[in-house]
Amino acid sequence: MSILIVRGPHGSGHSLTADLLYHLQQQALQAGRTLELRACGALRDFIALVGAAKSEATEFVLLDPGDLAPEMRAHPEAGLSEAIDDLRAPYIDVHDDFGDGRECCAGLHKAPVATVIINGNIESGYRIGLRLALRCLEMGRHRDALTTGNGIDG
């Protein structure tokens with residue numbers, strides 16, 4: 001896998017539809033990447049999923065805490081900051097509520113590449129977040145080719 005979405009629970013009306021997930025996966029495949037979704041319903045599970053994203057195969061992470069954002073702020077001792085600091089991959093925060101997105105991960109040591117907040121429209125947030133992640137990965141690929149000479153192996 002190269003891009004991982006870690007998604008917390010969302011109230012009604014903010015679901016990630018199978019159609020949207022398929023569209024996002026196809027967009028990633030067209031860019032030569034894979035996309036996997038891991039969803040959970042509790043803060044400890046969200047933190048565990050972030051911690052498990054340390055794999056070498058994970059090139060980028062989209063973090064969507066959903067309804068867990070207030071709990072994250074209330075319980076900084078739960079270990080989210082440490083799990084994010086241990087990520088090897090860059091990450092983007094995706095939110096559908098301006099207040100939650102702005103305050104959710106304040107104080108984390110490892111800052112996100114970007115925070116995408118589309119009030120009341122998590123689907124657009126995912127689309128934009130994925131485009132940003134793919135662009136960052138593509139720019140990294142070009143940068144790697146330039147640092148190895150002319151970009152031609154052999």
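Predicted model: local features only at pLDDT ≥ 70, side-chain atom pairs only at ≥ 80, totals over all residues.
With a relative accessibility of 1%, Asp64 falls under the 20% cut-off and so counts as buried. Its side chain comes to 3.1 Å from the backbone nitrogen of Gly66. Setting aside neighbours within four places in sequence, the contacts of Asp64 are Val6, Arg7, Gly8, His10, Phe46, Val94, Ile122 and Tyr126.

One of those contacts, Phe46, leads on to helix H2, which spans residues 43–52. Phe46 is buried there, along with Leu43, Ile47, Leu49 and Val50. Around the helix axis these residues take up an arc of only 160°, so they lie on the same side of H2. As for what this buried set packs against, the list takes in strand S1 (3–7), strand S2 (35–39) and S3, plus helix H3 (69–74) and helix H4 (80–85).

Then there is Leu137, found in helix H6, which runs over residues 122–147. Its relative accessible area is 11%, so Leu137 is buried as well. Once neighbours within four places in sequence are left out, Leu137 touches Ile3, Arg33, Glu59 and Phe60. Take Glu59: in sequence, 78 residues separate it from Leu137, yet the C-alpha atoms of the two are 7.8 Å apart in space.

Terms used:
Residues numbered from 1 in each chain as written. Heavy atoms only, no water. Buried < 20%, exposed > 50% of the residue type's maximum accessible area, 1.4 Å probe, protein only. Polar contact = N/O pair within 3.5 Å; in protein donor to acceptor, adjacent residues only side chain to side chain. Contact = heavy atoms within 4.5 Å. Helix = DSSP H or I, 4+ residues; strand = E, 2+ residues; numbered from the N terminus. Arc of directions from axis to C-beta.
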